[in-house]
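Subject: Structure handover, with notes on charged side chains

Dear colleague,

Please read the two side by side.

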Amino acid sequence: LSASVYQVFDEMEKDPSFNLQRYWFHSLECAILANTIAKKIAYPFCEEAFVSGLLHDVGKLVLWNNFPNEYTKVLAEVEQGADLTASEEKILGITHAEAGAFLIDHWQLESFIADAFLYHHEPVERIPNALPMVKIVYVANCLSSDAFDDDERLKIASNIMGLSSDEIDELIEQADSKVRQVAL
(Lines give C-alpha, C1' and ligand atoms only; values in the text may rest on other atoms or scores of the structure.)
Protein backbone atom coordinates (compact mmCIF):
# COMPACT_ATOMS: atom_id res chain seq x y z
CA LEU A 1 0.00 0.00 0.00
CA SER A 2 2.76 2.44 0.92
CA ALA A 3 4.67 1.53 -2.24
CA SER A 4 1.61 2.35 -4.32
CA VAL A 5 1.15 5.69 -2.58
CA TYR A 6 4.85 6.39 -3.00
CA GLN A 7 4.70 5.71 -6.75
CA VAL A 8 1.70 7.97 -7.23
CA PHE A 9 3.45 10.85 -5.49
CA ASP A 10 6.97 10.16 -6.79
CA GLU A 11 7.04 13.50 -8.60
CA MET A 12 7.09 15.24 -5.23
CA GLU A 13 10.71 14.20 -4.78
CA LYS A 14 11.66 16.74 -7.43
CA ASP A 15 10.29 19.70 -5.47
CA PRO A 16 12.38 20.87 -2.52
CA SER A 17 9.47 22.68 -0.83
CA PHE A 18 7.98 19.35 0.28
CA ASN A 19 10.44 17.10 2.11
CA LEU A 20 9.18 13.68 1.08
CA GLN A 21 11.96 11.87 2.97
CA ARG A 22 10.98 13.56 6.25
CA TYR A 23 7.32 12.83 5.46
CA TRP A 24 7.98 9.08 5.04
CA PHE A 25 10.27 8.92 8.09
CA HIS A 26 7.54 10.47 10.28
CA SER A 27 4.90 8.21 8.70
CA LEU A 28 6.94 5.08 9.32
CA GLU A 29 7.69 6.07 12.90
CA CYS A 30 4.01 6.83 13.50
CA ALA A 31 3.03 3.46 11.97
CA ILE A 32 5.43 1.51 14.16
CA LEU A 33 4.29 3.40 17.25
CA ALA A 34 0.62 2.85 16.38
CA ASN A 35 1.21 -0.87 15.91
CA THR A 36 3.20 -1.11 19.16
CA ILE A 37 0.58 0.83 21.11
CA ALA A 38 -2.18 -1.34 19.66
CA LYS A 39 -0.34 -4.48 20.79
CA LYS A 40 0.33 -2.94 24.22
CA ILE A 41 -3.37 -2.27 24.83
CA ALA A 42 -4.47 -5.56 23.18
CA TYR A 43 -6.30 -3.79 20.37
CA PRO A 44 -7.44 -6.56 17.99
CA PHE A 45 -6.56 -4.78 14.73
CA CYS A 46 -2.83 -4.07 15.06
CA GLU A 47 -2.19 -4.20 11.30
CA GLU A 48 -4.93 -1.64 10.73
CA ALA A 49 -3.28 0.56 13.36
CA PHE A 50 0.02 0.24 11.45
CA VAL A 51 -1.60 1.23 8.13
CA SER A 52 -3.43 4.10 9.82
CA GLY A 53 -0.20 5.41 11.29
CA LEU A 54 1.63 4.99 7.99
CA LEU A 55 -0.97 6.87 5.97
CA HIS A 56 -2.42 9.30 8.54
CA ASP A 57 -0.86 12.27 6.70
CA VAL A 58 -1.75 11.14 3.17
CA GLY A 59 -3.93 14.24 2.91
CA LYS A 60 -0.72 16.30 2.78
CA LEU A 61 0.30 14.40 -0.35
CA VAL A 62 -3.14 14.84 -1.88
CA LEU A 63 -3.19 18.58 -1.23
CA TRP A 64 0.38 19.15 -2.33
CA ASN A 65 -0.05 17.08 -5.48
CA ASN A 66 -3.28 18.86 -6.48
CA PHE A 67 -2.46 22.38 -5.26
CA PRO A 68 1.34 22.67 -5.27
CA ASN A 69 1.49 26.48 -5.36
CA GLU A 70 -1.00 26.87 -2.54
CA TYR A 71 0.58 24.11 -0.45
CA THR A 72 3.98 25.71 -0.91
CA LYS A 73 2.44 28.83 0.69
CA VAL A 74 1.12 26.67 3.54
CA LEU A 75 4.58 25.21 4.12
CA ALA A 76 6.16 28.66 4.02
CA GLU A 77 3.75 29.86 6.72
CA VAL A 78 4.50 26.79 8.84
CA GLU A 79 8.24 27.49 8.51
CA GLN A 80 7.50 30.94 9.96
CA GLY A 81 5.77 29.34 12.98
CA ALA A 82 2.15 29.16 11.84
CA ASP A 83 -0.07 26.22 12.76
CA LEU A 84 -0.23 23.69 9.92
CA THR A 85 -3.94 22.97 9.94
CA ALA A 86 -4.86 26.64 10.42
CA SER A 87 -2.71 27.56 7.41
CA GLU A 88 -4.21 24.76 5.32
CA GLU A 89 -7.72 25.89 6.21
CA LYS A 90 -6.92 29.54 5.49
CA ILE A 91 -5.17 28.98 2.16
CA LEU A 92 -6.91 25.87 0.82
CA GLY A 93 -10.21 25.76 2.70
CA ILE A 94 -9.48 22.17 3.80
CA THR A 95 -6.97 20.51 6.10
CA HIS A 96 -4.82 17.51 5.28
CA ALA A 97 -6.72 15.59 7.98
CA GLU A 98 -10.01 16.26 6.16
CA ALA A 99 -8.50 15.44 2.76
CA GLY A 100 -7.06 12.16 4.06
CA ALA A 101 -10.35 11.15 5.69
CA PHE A 102 -12.20 11.99 2.47
CA LEU A 103 -9.79 9.79 0.49
CA ILE A 104 -10.27 6.85 2.87
CA ASP A 105 -14.06 7.30 2.68
CA HIS A 106 -13.76 7.39 -1.11
CA TRP A 107 -11.87 4.08 -1.01
CA GLN A 108 -14.82 2.72 1.02
CA LEU A 109 -12.68 1.04 3.64
CA GLU A 110 -14.92 -0.33 6.37
CA SER A 111 -12.93 0.69 9.43
CA PHE A 112 -12.18 3.59 11.71
CA ILE A 113 -9.15 4.66 9.66
CA ALA A 114 -10.97 7.71 8.26
CA ASP A 115 -11.81 8.84 11.80
CA ALA A 116 -8.20 8.38 12.86
CA PHE A 117 -7.09 10.55 9.93
CA LEU A 118 -9.75 13.18 10.54
CA TYR A 119 -9.04 13.66 14.25
CA HIS A 120 -5.26 13.33 14.51
CA HIS A 121 -4.85 17.13 14.94
CA GLU A 122 -7.83 17.76 17.20
CA PRO A 123 -7.35 19.49 20.55
CA VAL A 124 -6.09 16.92 23.05
CA GLU A 125 -9.07 17.37 25.37
CA ARG A 126 -11.36 15.91 22.67
CA ILE A 127 -9.44 12.64 22.34
CA PRO A 128 -9.74 10.71 25.66
CA ASN A 129 -13.32 9.64 24.86
CA ALA A 130 -12.64 8.86 21.20
CA LEU A 131 -12.65 5.44 19.54
CA PRO A 132 -9.54 3.31 20.18
CA MET A 133 -8.16 3.73 16.62
CA VAL A 134 -8.44 7.51 16.91
CA LYS A 135 -6.61 7.46 20.25
CA ILE A 136 -3.89 5.13 18.97
CA VAL A 137 -3.10 7.24 15.89
CA TYR A 138 -3.37 10.49 17.84
CA VAL A 139 -0.85 9.32 20.44
CA ALA A 140 1.45 7.73 17.83
CA ASN A 141 1.44 10.99 15.85
CA CYS A 142 2.13 12.98 19.00
CA LEU A 143 5.03 10.73 20.03
CA SER A 144 6.55 10.90 16.54
CA SER A 145 6.08 14.64 16.07
CA ASP A 146 8.41 17.56 16.70
CA ALA A 147 5.39 19.73 17.54
CA PHE A 148 5.41 18.64 21.19
CA ASP A 149 8.17 18.74 23.79
CA ASP A 150 9.00 15.57 25.73
CA ASP A 151 6.90 16.47 28.77
CA GLU A 152 3.85 17.20 26.59
CA ARG A 153 4.26 13.90 24.75
CA LEU A 154 4.45 11.93 27.96
CA LYS A 155 1.45 13.72 29.45
CA ILE A 156 -0.68 13.24 26.33
CA ALA A 157 0.21 9.55 25.96
CA SER A 158 -0.34 8.93 29.64
CA ASN A 159 -3.70 10.73 29.78
CA ILE A 160 -5.09 9.19 26.60
CA MET A 161 -3.70 5.66 26.71
CA GLY A 162 -3.05 5.24 30.44
CA LEU A 163 0.60 4.37 29.87
CA SER A 164 3.33 5.06 32.40
CA SER A 165 6.32 7.19 31.45
CA ASP A 166 8.51 4.06 31.52
CA GLU A 167 6.14 2.29 29.10
CA ILE A 168 6.11 5.34 26.83
CA ASP A 169 9.90 5.57 26.85
CA GLU A 170 10.09 1.87 25.97
CA LEU A 171 7.60 2.34 23.10
CA ILE A 172 9.64 5.22 21.71
CA GLU A 173 12.91 3.28 22.01
CA GLN A 174 11.42 0.27 20.22
CA ALA A 175 9.98 2.45 17.46
CA ASP A 176 13.24 4.36 16.98
CA SER A 177 15.14 1.09 16.70
CA LYS A 178 12.70 -0.35 14.15
CA VAL A 179 12.60 2.84 12.09
CA ARG A 180 16.39 2.95 11.92
CA GLN A 181 16.49 -0.71 10.83
CA VAL A 182 13.99 -0.08 8.05
CA ALA A 183 14.79 3.46 6.96
CA LEU A 184 18.54 3.67 7.21
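Is Arg 153 buried or exposed? With a relative accessible area of 14%, Arg 153 is buried (buried means under 20% relative accessible area, exposed over 50%, and partly exposed in between, with a 1.4 Å probe and protein chains only).

This is a predicted model, in which local features need pLDDT of at least 70 and side-chain atom pairs count only at pLDDT 80 or more, while totals for chains, interfaces and linings use all residues. Residues are numbered from 1 along each chain as its sequence is written, and side-chain values use heavy atoms, with hydrogens and water left out.

The structure holds five salt bridges (a side-chain nitrogen of Lys or Arg within 4 Å of a carboxyl oxygen of Asp or Glu). One of them joins Arg 153 to Asp 150, with the closest N and O atoms 3.1 Å apart; Asp 150, at a relative accessible area of 52%, is exposed. Because they are three residues apart in helix H10 (residues 150-161), about one helical turn separates Arg 153 and Asp 150 (helices are DSSP runs of H or I, at least four residues, numbered from the N terminus).

Another salt bridge links the side chains of Glu 167 and Lys 40, at 3.3 Å from N to O. Glu 167 belongs to helix H11 and Lys 40 to helix H2 (residues 20-40), so this pair ties together parts that are 127 residues apart in sequence. Glu 167 is partly exposed at 24%, and Lys 40 is partly exposed at 41%.

Best regards

Definitions and conventions. Helices (H or I, at least four residues) and strands (E, at least two) are DSSP runs, numbered from the N terminus.
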